[in-house]
Amino acid sequence: LHHIDLYVVTGELPGLCAGVYHFGPHDFALRRLREGDYRAVLVEASGRSPDLVHAPVIIASASTYWRNAWKYQARAYRHCFWDGGTLHANLLAAAGSARLDPRLVMGLADRPVERLIGLDPGREGAIARVAVGRSVQRAPPPAPMPELQFETEPLSHSEVDYPAIRVLHAASSLTDGADAASWRGPFPVSEEPVATGSLYPLRPKAEPEVPRESLDTVIRRRGSTRAFDRNRWLSFEELSTVLDRATRAVPGDFLDPPGASLLDLYLIVHAVDGLTAGAYYYRRRDCSLELLREGSFRAMAGRLGLGQELPADAAVNVYSLANLSPVLARFGDRGYRAAQLEGGITGGRLYLAAYAQRFGASGLTFFDDDVTEFFSPHAAGKSVMFLVALGHPDRAALGLKT
């Protein structure tokens, strides 16, 4: 099911020759697809993005649609950015912890990228690029770029084509560097609506209280919780810490000024000490939760999450929503990709912050319009990008030692 691949485009590095590489997670190795420095292909395709011009390493992500579409059909296109987003949350955190100043780049023409790394446009699509590190030396002009011809193993005895995926990808693609350069720029930040409900300022844990495990340990332990314990509550400090960490600025070329976001977060709280059960809106600017509606909504959360038990049993559900009208007005159809990807990154950060505090998380799908209706009138006109359920695992149900 995991359909996201990573490709590394690099200049000459200590211990690694300049080239284009594919990363194989099965053996944790890089395989060279092209020899030589091809970073300039991506720089030119981005309209000379300042994030890419001086990057010694550029990591490109791509999806092979059928690996996910066999189960989720055309909706798998959204999963490209959900699964890609959670992966990029790990990638940005790892590169950031190594002080490599990672920058997420969405403003880049698609076809040169796909040709560079040898994608089949009918079955695969580029997702995002991450500039890693900074160098005073710019990439040299690229060598001639012949088509890559590699024999690949079939994914299945047969594949079902979902044309809507290709239509969505083509409609949200950029054509060349000039198109990419004009795509980048600030997103107008709207004022938050006046609060009408009770406000609960976040109380994130102080630094001495935050667990000190290494990032790689947390990433290796992180998974998707398959059963939550209704009888174990989260503390308000634990939830506050999750929200504080997950909503910090994403370093992306579509999120300008720094700290801007395409998303609004809504919550259904079931079992959090210090919070009344009910529906909430997260007010980013003053870091507080606004109570929209008080009540026990476990059954409703289950229905909104495709009738699954996980969102009903969790302590809290966090929904990322976006008002797509201004996003599409500013960024065109590609703004849909950006909003979905930021939703996935936010979801991935929720995962990491939960597992770092030794409770669980699970990303779920949902009935889109029903979620919007539940949080309306506050969320009227917004679309759901991602859902993460948070809580303590039910260790008995999972067959784990207590």
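This is a predicted model: local features need pLDDT of at least 70, side-chain atom pairs count only at pLDDT 80 or more; totals for chains, interfaces and linings use all residues.
Reader: Which residue in the hairpin of S11 and S12 takes a positive phi?

Author: The hairpin has four residues between the strands. With a phi near 50°, the residue is Cys-287.

Reader: How many of the residues of strand S11 are buried?

Author: Buried means under 20% relative accessible area, exposed over 50%, and partly exposed in between (1.4 Å probe, protein chains only). Strand S11 covers residues 278-283, and its burial is complete, so the strand is largely enclosed by the rest of the structure. The count is six of the six.

Reader: Which residue in S11 is the bridge partner of Ile-268?

Author: Strand S9 (residues 264-269) pairs with S11 over four bridges, in the antiparallel sense. Within S11, the partner of Ile-268 is Ala-279.

Reader: Which strands stand at the edges of the open sheet of seven strands?

Author: The order is S7-S12-S11-S9-S13-S15-S14, with antiparallel pairing. Each edge strand has a single partner strand, so one side of it is left without a neighbour in the sheet; the two are strand S7 (199-201) and strand S14 (360-364).

Reader: By what average angle are neighbouring strands of this sheet turned against each other?

Author: Axes are lines fitted to C-alpha atoms, for helices over the stretch in contact, and angles run from 0 to 180 degrees between N-to-C directions. For the strands of this sheet direction is ignored, and the average is 25°.

Reader: Which residue in S15 is the bridge partner of Leu-364?

Author: S14 and strand S15 (residues 383-391) are joined by five bridges and run antiparallel. Gly-360 is bridged to Gly-391 in S15. The partner of Leu-364 is Leu-387.

Reader: What angle does the direction of H13 make with that of S15?

Author: H13 packs on the sheet and touches strand S13 (316-322), S14 and S15, contact meaning heavy atoms within 4.5 Å. Its direction and that of S15 make about 5°.

Reader: How many of the nine residues of S15 are buried?

Author: S15 pairs with S13 over seven bridges, again antiparallel, and Asn-317 stands opposite Ala-389 in S15. S15 is mostly covered, and the buried residues number eight.

Reader: Which strands are at the edges of the six-stranded open sheet?

Author: The order is S3-S2-S1-S4-S6-S5, with antiparallel pairing. Each edge strand pairs on one side only, and these are strand S3 (29-35) and strand S5 (103-105).

Reader: At what angle to S6 does helix H13 run?

Author: Helix H5 (residues 110-117) lies across strand S1 (4-10), strand S2 (19-24), S3, S4 and S6, at about 90° to S6. Helix H13 (residues 334-356) lies across S5 and S6, and its angle to S6 is about 65°.

Reader: Which residue in S6 stands opposite Thr-64?

Author: Strand S4 (residues 57-64) and strand S6 (residues 124-132) run antiparallel and are joined by eight bridges. Opposite Thr-64 stands Glu-124.

Reader: Is Arg-123 buried, partly exposed or exposed?

Author: Arg-123 is in the loop between H5 and S6. Not counting residues up to four places away in sequence, Arg-123 touches Ser-63, Thr-64, Tyr-65, Leu-155 and Glu-159. Its relative accessibility is 32%, so Arg-123 counts as partly exposed.

Reader: At what angle do the axes of helix H4 and H13 cross?

Author: Among the residues that meet are Phe-81 and Trp-82 in H4 and Leu-341 and Ile-345 in H13. The axes of helix H4 (residues 76-97) and H13 come within 7 Å, and the two helices are therefore oblique to each other; angles under 35 degrees count as roughly parallel, over 145 as roughly antiparallel, 65 to 115 as roughly perpendicular and the rest as oblique. The crossing angle is roughly 50°.

Reader: How many of the eleven residues of helix H9 are buried?

Author: Among the buried residues of H9 are Phe-236, Leu-239 and Asp-244. Helix H9 (residues 236-246) is largely enclosed by the rest of the structure because its buried residues number nine.

Methods: Residues are numbered from 1 along each chain as its sequence is written. Side-chain values use heavy atoms; hydrogens and water are left out. Two strands pair if DSSP finds at least two bridges between them.
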